[in-house]
Structure formats: structure tokens, C-alpha cells
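User: Hi! I would like to walk through this model with you, one question at a time. Shall we start with the overall picture and then go into detail?

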Amino acid sequence: MAERWLWLLIPWRGAWTPRSKANGQEEERHVRANDREYNERFQYADNRIKTSKYNFFTFLPINLFEQFQRVANAYFLVLLILQLIPQISSLSWFTTIVPLVLVLAITAVKDATDDYFRHKSDQQVNTRQSQVLIKGKLQNEKWMNVRVGDIIKLENNQFVAADLLLLSSSEPCGLCYIETAELDGETNLKVRQALTVTSDLGTDVSRLAEFNGEVICEPPNNKLDKFMGTLYWKDNKFPLDNEKMLLRGCVLRNTEWCFGMVIFAGLQTKLMQNCGRTKFKRTSIDKLMNTLVLWIFGFLICMGITLAIGNTIWEERVGRNFWSYLLWDELLSSPVFSGFLTFWSYIIILNTVVPISLYVSVEVLRLGHSYFINWDRKMYYSKRDTPAEARTTTLNEELGQVEFIFSDKTGTLTQNIMVFNKCSINGKTYGDIYDEFGHKVDITEKTPCVDFSFNPLMDRKFRFHDSSLVEAIKLEEPLVQEFFRLLALCHTVMPEERSEGELVYQAQSPDEGALVTAARNFGFVFRARTPETITLYEMGQPVTYQLLAILDFNNVRKRMSVIVKNPKGQIKLYSKGADTILFDRLDPCNEELMYTTSEHLNEFAGEGLRTLALAYKDLDEDVFDEWMKKLLFVSTSLENREERLGALYEEIEQGLMLLGATAIEDKLQEGVPETIACLTLANIKIWVLTGDKLETAMNIGYSCNMLRDDMNEVFIISGHTSLEVQQELRSAKERIMGPSREKLGSGLDEDKTDMYGSDSVFEETIIAEYALIINGHSLAHALEADLEQMLLDTACLCKTVICCRVTPLQKAQVVELVKRHKRAVTLAIGDGANDVSMIKTAHIGVGISGQEGMQAVLASDYSFAQFRYLQRLLLVHGRWSYHRMCTFLCYFFYKNFAFTLVHFWFGFLCGFSAQTVYDQWFITLFNIVYTSLPVLAMGLFDQDVNEHHSLRYPSLYRPGQLNLMFNKRKFFTCTLQGICTSFVLFFIPYGAFFCAVRDDGSHISDQQAFAVTIATSLVIVVSVQIGLDTNYWTAVNHFFIWGSLAVYFAILFAMHSDGIFSIFPSQFPFIGTARNSLMQKSVWLVILLTTVVCIMPMLAIRFLRAVLYPSLTDKVRLLQQATRRQGPQEQNLRRVRRTSSRRSAYAFAHQQGYGELITSGKNMRAPTSSNFVFPVSPPGRVNVATSWIDSMLKKKGDTSNAVAMEKTTGVASGTEMSDRTEPQGQYTQTEEV
Amino acid sequence: MAMLQRGLKTLARRPDNSAFKQQRLPAWTPSLTAHTVLPIFFCLSLVCMLLGVWLLITVQQTYQLKMDYTDTNSCSKCFDLRKNSSKAQEICHCTVSLTIPEDVMGDVFFYYGLINFHQNLRRYMTSRDIAQTLGRKRSLKSPSSYCAPFNYDENKVPIAPCGAVANSMFNDSFTVNYHLRDGSTVPVPLYRKGITWYTDKNVKFRNPKSSNETLAQIFNGTSRPLFWQKPVYELDPSDPNNNGFINDDLIVWMREAAFPNFKKLYGILNRSERPFTSGLPAGNYSIDITYNFPVQYFRGRKEVVISTVTWFGGQNHFLPIAYLVTAGLIFVTAAALTAVYLKVGKNGKNMEE
């Protein structure tokens, strides 16, 4: 749903470049609240956005100007001008102008429609309503009428209309929450706080209307995480930073209302400033095509020169006499000059080797292929109503050539949904179900779920299958109860109860949410919290615990604890954390339980689950009081507070009693292992680049079959210095090269055999499999210039590469590295803002329209909802596109060479005088009417192998990666074929016409009859050839091929008819030629012979190739036809998921927890909204708390400040807003959980 | 969340399930298998062979006689005379004799041939005004600039027909005589009309329309082409309807040949009188030539061709031979392909996966 809204925010992706207005660079911005007159002096942009390029009047000139900037169009314009010179003009002007106008018109129509939609979306955004404070009253205004300096009121769940300075909000202390998903992709809520002075204004409209503070701040820029400014009000100065800003594109959450003052509006907002033009990506075929077109130009010029020299010699020897006989003095002048003119004349005639329609046709094909992607129901995700979308229409064929896939993990491979799956309580596991024979039963959608109806506060979406746990709860087993009590108490989740019993948890990390939800369903409902209490409903009974301390989570501690006092007065410490950490702090009496639990943990981890160990401890009141005093002392200290707190926490978290362990499933997206297996078979290398920790990443690697236990070795590179990394890489490489060296000889054969692999390939492909896992800090060293080659070599020897703890910048660097050194097509797939740089760097960027906002999708070239669609996108659509495009290009070049070079041969007989062979109308229409549609139909609909077989035989993808179907060699072959065809096309009619007369004795060897014969042969030969190239004859193909022939004859006869001649005699001098020549049997005999001679060699060669060296495609086609005869049989590519014995890890937010916010109570609602009476905090506490909040915000600021703009890398300067780099080399992940 | 749930129910953006959009259009998927390709080869080979043989037999029945008269015998004096352009107006006659060894049955066609005359040069070919020869009055008096420099003579009088093509019209004329065994001479009657394409004579070339003016009046105010001895309205003194732009010889000439060596129809044997009712009888013939057309400037040659035609045209050995060669090649290829297929392809050795 969010994506729809987003279109309203960013109406047109990447089409608009923010340009600073000419009126001088703004150096400082002065904005005075509620003072439009003052602000108007500076001519700031208003809140209207305009992404459209044209309006009604400017469309034609601007569009034409843009179009003629393209080399091809300009070239044809030059040709047109050349044609207007009578001495040169070998063709009438219309031969060029008709196609040119057609091309320009098609492009213009496309541009116009694009712009129309831009206008529409602009309009939609501009007319959205917001409440603006005008003349002391709140009035509804359209967005576009909002001005800088206005004060506007926002309500919950509203989009922020412009970049605002937060003035006041409904929440205490001027706090407000925003979701920045659309801006940077982070889904967790962010806190913004107004200045105290302004938050006092509250909701008092009259006071707000009087507010006349002036903000002096930085000029508009695209840095989403930085803002510098000062508020001058009532003779005071208040510093402003990003924590007081609400940026356009954010959504207000959990805040009833807030007021803000517009600082940047419209195009100057940070969001719009970030909507830079995305770097234009070109496919390798595009580049190749450009090279080839240059070569063709070269060839054209060579031909021109040859013919010009020929002309000079001919004029010298023969022509001179002839002209002098004719007394044509003008042409007698100089053979060299005549040669010079002839050169240009031939350039005009032969220009059709670079057909103007090539570019347009290619665009049309790509557009068609993009539509097929958009229309594909098999890539439509019904749960979210998301079809696949080709956002770039120019990259389709490259999808058929991908060799490297760089994938994000969270949200791409995994759903980022955590599910409480299993647990081990006091040495007993729950969560598996067994049949009557004691065998484990696989849990599927149909497995019955445990009935939680005993619990009125349950979460209906929660599913659990093992009923024994509920029985244990109902039997009131104390440890089971304690287990869930811990889960319900030890966390930093915020509850929200909109109406009675309708609980919503705001969890900082989905893991925590899953655990608390589990406790809730098992009867330990976490219902409310205040800074000092936590209220649970334990089996329906309200129990309020005093919250004495939160020992918060951080990356070093890898655990969190709470200390609570239950109603009975017992003080308890509940702790949950990474097993390795907690096991070190257990009481010795737990040893036996520890071993059992440890076994269970191994089991859980083997299934790819994320585990946490849980422990508790009873505390003496005295010990606790003692400790609490120390805590209070330390927490007010200024020096080394963190470390001292850590030590203090350590002190009390000792001698814990183990309760058990939880296992949370990080749910993979549907079909991920199968997809990965299939893509691997297609010889695509998949590298996972994740911000996650090593353990988590490995876990996922195992669960999606990228890592397997039967792999020869998994290398883990985690050196901290350049030297260590080098050492590790070198040894890894040696280990791989060592055993495989003897196999090197056979390695080549292996490659070959695996091209023709089938299902059994799974087992046998590569004998030695290695995996490389590299840590972020090692990667930083490995990416340095001296090590990158080694990294690349080693990585490419491995089957699987996983990079963990990488920053977005590093993701892009890795992609860049592969792109630079391997001449391979790379594809990056991700869903989060942290993947944007990678998506933009790779040849093809794919965005998962998932949960992490829209940034990735907006930066991407293709987007869809599920990772598994990648398989279809590449193996079906990509392969088809590539196949179609290559066949298309081969045919197109062939066709045009065959068509044009006839002139070359004729040159030798007509004194190199640049006389055309064909009728000029034929030249005009050949490419755009007679032969364009069949090849377009082929390029749009052809399927060498159907989708089913494309997926079933992933090795069919190989030719694309090896660039086999269209390369320079192919180009030479097809042009050679074209040249041969033109030779035959010319010389067979020549031979036949040399001495031919009609059956009534009158002569037929005249130029016009000759032209018609050759043209007809050409059209027929070319049509037969496209018929041979078409593998998939749909009705459309039939229609176009036969239709084109019919149209050819129809137009031929029409243009040679009496009627049109009598109207335009000079334009249609071929009157009657068609009738007179095509009535002749000899002409048809010539056409038949020409066609046979042109086609048969090609047919023989193709047949021979298919028999002697059949490609996999040939085989699969054969098989496909065989199966069609037998009827279809469903065979699915399924792979058994293997389990592994890997340890899984503590997975948690890598961010500082919310503990401080909770204990300070600053994020709590006013007491009135709750049923409970809070003890009102003493004023002193509030002050302390405020400072806590400040420090909290500061810390959060650090993390988000780390969202450094990637200016230095030069990886395209667009929306890199999301790239986070941690200055100290410590990798902070906010959204990877 | 609420939005999401709403989204669950509506599948508004689901693509249509049409065969077209899902790329499942029913289609015919032919492929190059031995069962389709080899029969095609053999069949084509057979077809070409049959055609070739048939054509060859047909061509054998035709008769063609070529006679280069550029500077042979008595024509050499005319050849020398034409070297000098100042004597262009001097009339020169010469005679060539030829022998036809056996009777030539059926219709016999007389052609004149030119060697090394480039009617297919671009500037030459465009040097004509189609509108003018179509009889457009405006074009008659103001010929198109394409005709330059042959659109106006030195007195700025428009030339009709304008342009280099018309200007260089072939203007030799022939009279063929048959020498009977008894020594007497019978002129061979030739049809000099009906030698053009119907469309040319009736559509493409028209005289300017006029109700009651004579041709000479119509063409008043134009001048004849530079090289011509007679104005366009006096081309055929024998038939006033064969004058002007619709003169058959002019039309034949104006249909420009594609190659530098070409022959154009001059006349057709009139078989209404004996002894020519069944064709040309064997014997000696002579051709009286009014030798006007100079060729030495461009090292050209002139010839007369006497020929019969068949259903597919005149004597043309190229097509039958080409067909036979093609048939042979296709057959050899087909045999080779079959061998390869039987050896390698049939048991599907390469088809193994």
C-alpha cells in the first residue's frame, strides 16, 4: 500500500534533476515564521513540485531539440541535408524524411505520454490537503500553496508536506514519532523532539500565530541526516539540528498532532533534492551495438571510398568519353571531383546499412518485453497485490546474461518476520510434533494449530503446533511459568492498547516482538508499562511488577536483563542473551541442564533457528539495594559511564539459574532455497552481502542451501589487519588450488558436461565445493587496491560467498569490484535503503517491494515482491529477451546488408554513378513497412524453448552468460550472410537479365524491371529468412509475415499503377513496371532461383549444426516436442532441505536498546490515557530523565548520522541517503536484525 | 496494517490471465529436423533439375543471330565519318550481309544492340522529364531542371523531349532484304509498331492534348534535341499517329537499360506475306543501315540481333544452366546431409544429455 502513496510523493523517478535557480547560490536561508511577506523577498521555492518536462507549447521545440541530440537522429538529419544537394542527391529526400518523421513521431508520442503521467502525478501531489495556519486560523490548503515560513498542523499517519521544523506536539516534552521508511527505508520509528521553548506553544493557535521566530539555516541540500540552523526568537538563540526536523516524505506515527514550521518547500526539500536522475544504465548489447554501428560507419565509408575511387577511374577511362559524346560539359570537369561527389552520393544510398529503424525497433522490443514482465501473473504476489514491475525498459536482454547476483539478506532472502518456533524449558523441548510412531512430522500449512481460546488476550496471528506446551502451562508447572514470565518482563517493547484487549506491541526488534507475543499467547500477557512498573495478565490475573532496573542490551554484552520486584516482594533478575554469554554466568548447579539445553540449542540451530538462552536469579533485597546505590552513583558519573555501567551489570548478572532457550525462526521468503539452487545450476554465482552478523548470515546461508555440511571447506576471513586478511585469503586460495590443480585438466570437460546438466546435476556438478565468508572489517582491508585481486580470485573459486557486517558502501564496492575485473553482468537484489548503492552500482538492480520501505524499489530497475521471482525473471524473461534481442539484431543486420549492398555490386556496372537499384519508394518503405513487422513479431513473441523447459533446464541460461548469441563474430557471420545474399540477389538477376527479353519480344532488361525483380526477390528471401528464424509461430507472426508480403505486393502495384502516376508523374516513374515484369514467367523463375540459392546454404548449415553440434537449446526443443506429443508431465525442481549442525546465534538489534527511554518514562503517554495511576515522578527525576533523553537522542543521532552521504565514492550521486558508514569501523546496523 | 489488509482483498493490480499477456499464445513451433529438412532438399533439387532441363530444351529451340556492324565491311566508312561530329548531318548508308543457315520458324524479332553504352548512369537516367513526355503542357514549355543542360537550347528555347536520354536516342535505321536463290531481293517486312510495353505507349507517354491542333502546332515553341535530325513530331513520316512522344522507337529508347550492354527491339517480322508466313527462311540476307549513331566516342559497338522467343523470353542460356547447377549442388548437399545424419544424427549420439 505504501508504494502507492509514495508515487504521490515522488511522482516521477529520476527524471528530474534538481537545478539550483540561476539567481545565485543560496548561502544561508532566512525564514521567519508567519511572515510571508518577509520570506517572499528571498524567492524560495514554493511547495509545488514539478517533475514534468514540457507543457503544451514547449513540447514540440524542446522535444525535437532533445531528439536531435541523439547521434542517430542527427546523422539522419545530416543525410537529409546532403540529399538536398542536387549534385549529390542519389535518393529523393523522402526516402530519409519519411522514416525520420516516423521515428521522431513515435518517440515524441512516448515522451508525451510519459510527461502526461508526470503532470498527473504532480497534480495529485500538489493538490493534497494540509492544515495551514493563515491569519491566525487553521485553514485547509493544497500542498502546492504551502509557503516557506508557514506553520502547518499534522495529524497522526499523515505525510509530512514539506521539510518542517517541529514546534510542538501532542506528546510530552514535544516528542513526536516519525516513520522514515519512504525516505531511508528504516521501518523503526524515529523520535523527534521540539525545542522546549516552542513545545510550550502547544496547540494554542493564537500563540502559534504570534510565533515570529526566525530561522537561519543551511541552504537546501540532499543530506537527509544533517541540518544546521539557529532559531532566533525573543532575543534568544536556539541551535537547531536534524533531530528537530520533520522531512517531507516521512509519516507521523503515534502522535496525535504536531505543529511545524516550513523551512524547505517543494523542490528544495531534502526528499526532492535526493530525487536525482538515476544513472543511465546501458546493456552490453547496447554498447556492442554502438561499436558495431561505428564499424558499420567505417565500412560504409570504406565502401564509399572504394566506389569513389572506382568512379574516378571510370570517369577517367570511360565516363569522360561518354560525357563528351553527350556534350555534357558540366560532368567533364574533373574525375576526382566527380569521385568526391560520388562518395557522398554513395554514403546516402548505402546509409541503410545503419538503419534508422534499428534503434526504434530495439526500443519497441524492450518496451514489449518490459510489458511482458509487468503482465506476468507468475511474478504477481497476491498477498500484497504486487505485480512485478520493469521500471527500466532498457535492460531486459541483460537479464539473460547475469553471472553474479549480489543479494541482501534481510527482507530479501528472509521475510524479516520472526516466529517463535520452539523452546526448551528445563531440559524439555517443545515445538515439534510427532505422529503415533514417534516420528517427527513436518509442519505445513495444514498442521493443526494449538487452540489458545482459553486466553482472551491472545494474538490471533500467532501459530504454534505443539499442544504439550499449553498443557504444561495449564498444569502450572512453575518453570514453564517462569519461562514465559521472563519473556513477558524482560524486553523493551511498548504496548499500545487502542481498545480493550486489542494489544499492539511496538517492538524495537522483531525478535523481541515475537518473544513477547509468544508469552502473551501462552497466558503471560504483557499489558502495560510505566517507567516503574510492568503489568502482566498472568493466566487472566493482573499482576504488577515493580521495574527496578533495566540492564540494557548492547553489542558487547549480548544480553539484557531486568530486575523486578513481584507483588510478593521478591526481587528477581531475568536475563536473556546469547547462549555462550549466559552459560558463562550460570550457577554451577546448572551444569547438567546446561548440557541438555546446549544440545537442544544445537538442534534448533541446525534447523536454522535463532536462539536465545534464558536465565533468572533471585536477589536479596540487601544485595540489590547495595547494587542500586552503586548504579545510581555510576549513572550520574560523567567519565567512562558506559564501561562502569557495564562492569556493574556484570557484577549482578552472575550465578544465574538457567531456564531454557527459545528458538525463533527467521522466516525465509517462500521458495528461496529452491530458487538459489536453480540459479546456481544456471551457473549464476550468488553472493550474499548482509549487514548481519557472521553467525546470523551463516545460519541463513545454511538454511537456504548456500552453505552445506558436505562442502569441502568453509573459509572464514575475519582478520583485523591487512596482513592477517592477506594471509587468510592466500591460505584459502592455496587450499582450493591445491586439490583442484590435478583436476584442472578435466575441469574444462566438467564445465562442458555441466552445461548439459539435468536434475542429476545437483549431486555431481562441482566435485570440490568451497565457501568464503568474510567479515566487514576484513572486507574493508580486502577491498584495498593491493588485495582486491586476491579477494576476487579466491571468491570466484568458491561456490558461495557471504559477506557479513558490510556497510552499504562496501556492498557497492564489492559489486564494483566484480564489475570492474570480471567482464560479467552483475545483478544486485535488495529491499532496503542500505541496498540502494549496490542496486545502483550493479548492471541490473532489483528491488524487493517488501517491508523496508521503497528506497530500494525506487532505485531499482526491476521490482517484485518475492525473491523467488528472480528465477523466473532471469531464466524465463531474461533468457527470452536475450534470445529475442540477439536473433533480432542478427536478422536486422543481415537484412540491411542484403538490402543495401546490392547497390555496391550495381556500382560496378553503372559506372559507379550512385544509381540506385531499387525504386526510391521501395528504399523508403523497405525497413519501415515491408520487413519491420515480421521481425518485430519475432522479437516480441519468439520462444526458442517454452517457459517450463527454461526453468527445468537452467543450463539453457549459459549461452547468455558467455555472450554467445550476439557478439562480434556473430555480427560478422550475419553481415557476411547478408553480403552473400546481396551478391546472389544481384548477380542471378543480372545473369538472367543480361540477355533476356519478354515473351512478346520486347525488352525487359531495363533498369525498372530489374529493380522490381530484385526488390521482389529481396522481400521474399528476407521473409523466408525470418520464417526460418522464427521458432514460435503465433497467429501474429503468421499475420505479419504473410501480411508484409501481401502489403509489399499491394503497395508495389499501387505505386506502379496508372492512377497514382497520373497524379504525381515525377514521383512514380515506375508506372506499369510491376505489371509488365511480374507477368513474365522468366521473372518468377529468376525470383525462385534467387530465393533457393539464398536460403538453401543457410538451411544446410543450420541443419548440420543441429545434427553435429546440437546446442542444449536444440536438445531441449526436441525434448519439448516429444513431451508435447506425449502430453505434459509436471516435474518439479524440488530440493530436499538439508539440515546442518551449525550453531546459531544470538540475534538482536545491534542498536542500543530503548531501556533508558522506558525507565525515564519519557515515551509514555500522559497518565490519563491509562487505567493505572502512576507515581508522579519527582521534578528532579524529570530533569535527570531529560538529560537521559538528550543523551539518548544524541546516541541515536550518532547512528543515524552515520548515514553518511557517499560523496567520496562517486558511486552515482543520487539517493545515497541511506548508506551508513560507521566512523570507528564499528558496524552499526539499525534495520538488520 | 489496515491498508495491508485491504490490499489482501483487492487484487486490483493482478495482471490479466490472457494468453497474450502470459505469453501462452498458441503457436506452431517448427524445427529443423531431418524429417523436414532432407525431404525439402531432395524435392527442391528435383524441382530445379526438372525446371533446368525443361528450360534447356526450350532454349535449344530458339534461334539467335548477332551481327556487329560497327565498322565491318562497308560500314567502316560511315564509322569514320561519324568520328567527326561536324559532319553529323551527312547521311551515310551501308550494308551488311548475313546468312541464316536454316529456317527460323515462328515470330522473329529484330533488335539493335549497343555495347558499352551506359544508359544506367545516375545523371543520365534522371536527365528526363516524365511530366513532359506525359504531355503536360506546362512541362512541355518549361522542362524540369533534371534535364539540364538539355532542357533549353542555346536560344533558351525549351527542348522537347528534354534531357540526355532523349537527346542520345539511337537513330540508325535498318532495312532487311532477303536474297532469293534466283537472285531477286525481297524486303523483309517488319512491324515497327507494337514494340513497346502497353503501359508505356498508352499511359506513360502521351502527346500534349489538343482538340484540333496538329502535332507540329502543339510542339511549336520547342526545339528538337541537339543530336536529333528531325523534330519529335516528324519521327515517323509513315504514320502520323506514331509521332511526338508516343513514337515507339522513342519509347523503347526511353526505357533505360539496366546494363551497359543491351539490345532493344527494332521490329517484328510481319508474317502476313510469303515467304515469311512461317518465319525467316534460310538463306542470305542483307541489311541496309542508315548509319547515324556514333559510338566511337565512348568505344561502343553496335549490333543487330535476330532472334526468336519462347514462353520464357528470348534465348537465355543462363537460367537453365543456373537451374541445373543449383539442382546439382542441392542434390550433393542433400546427399551429404543425409550421410551426416545417418552417421551421426540418427541414433541421436549428440542428443544425449
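This is a predicted model: local features need pLDDT of at least 70, side-chain atom pairs count only at pLDDT 80 or more; totals for chains, interfaces and linings use all residues.

User: Which strands stand at the edges of the open nine-stranded sheet in chain A?

Analyst: The strand order in chain A is β17-β16-β26-β25-β24-β23-β22-β21-β20, with antiparallel pairing. The two end strands each have a single partner, so one side of each is left without a neighbour in the sheet. Neighbouring strands of this sheet are turned by 30° against each other on average, direction ignored. The edge strands of chain A are β17 (428-430) and β20 (524-529).

User: What is the bridge partner of A:Ser424 in β26(A)?

Analyst: Strand β16 of chain A covers residues 414-425 and strand β26 of chain A covers residues 657-668. These two strands pair in the antiparallel sense over eight bridges. In β26(A), the partner of A:Ser424 is A:Ala661.

User: What angle does the direction of helix α21 of chain A make with that of β26(A)?

Analyst: Let's take the two helices in turn. Helix α17 (residues 591-606) of chain A packs on the sheet, touching β16, β17, β25 and β26 of chain A, and its direction makes about 0° with that of β26(A). Helix α21 (residues 694-703) of chain A also packs on the sheet, where it touches β16, β25 and β26 of chain A. For α21 of chain A, the angle with β26(A) is about 55°.

User: Is A:Ile313 buried, partly exposed or exposed?

Analyst: A:Ile313 lies in helix α10 (residues 284-326) of chain A. Together with A:Ile301, A:Ile305 and A:Ile309, A:Ile313 makes a nonpolar surface patch of about 340 Å². Its relative accessibility is 45%, and values between 20% and 50% fall in the middle class. Therefore A:Ile313 counts as partly exposed.

User: Which residue of chain A is in contact with B:Thr310?

Analyst: B:Thr310 lies in the loop between β12 (301-307) and α11 (318-345) of chain B. B:Thr310 counts as buried because its relative accessibility is 14%. Leaving aside neighbours within four places in sequence, its contacts include B:Thr58 and B:Thr62. The contact from chain A is A:Asp999.

How values were computed. Residues are numbered from 1 along each chain as its sequence is written. Chains are lettered from A and ligands numbered from 1 in the order in which they are written. Side-chain values use heavy atoms; hydrogens and water are left out. Patches are made of residues with over 30% relative accessible area and no salt bridge: like charges are joined within 9 Å, nonpolar side chains (Val, Leu, Ile, Met, Phe, Trp, Tyr) within 5 Å. Accessible areas come from the Shrake-Rupley method with a 1.4 Å probe; for residues, only the protein chains shown count as cover. A salt bridge is a side-chain nitrogen of Lys or Arg within 4 Å of a carboxyl oxygen of Asp or Glu. Helices (H or I, at least four residues) and strands (E, at least two) are DSSP runs, numbered from the N terminus. Buried means under 20% relative accessible area, exposed over 50%, partly exposed in between (1.4 Å probe, protein chains only). Two strands pair if DSSP finds at least two bridges between them. Axes are lines fitted to C-alpha atoms, for helices over the stretch in contact, and angles run from 0 to 180 degrees between N-to-C directions. Contact means heavy atoms within 4.5 Å.
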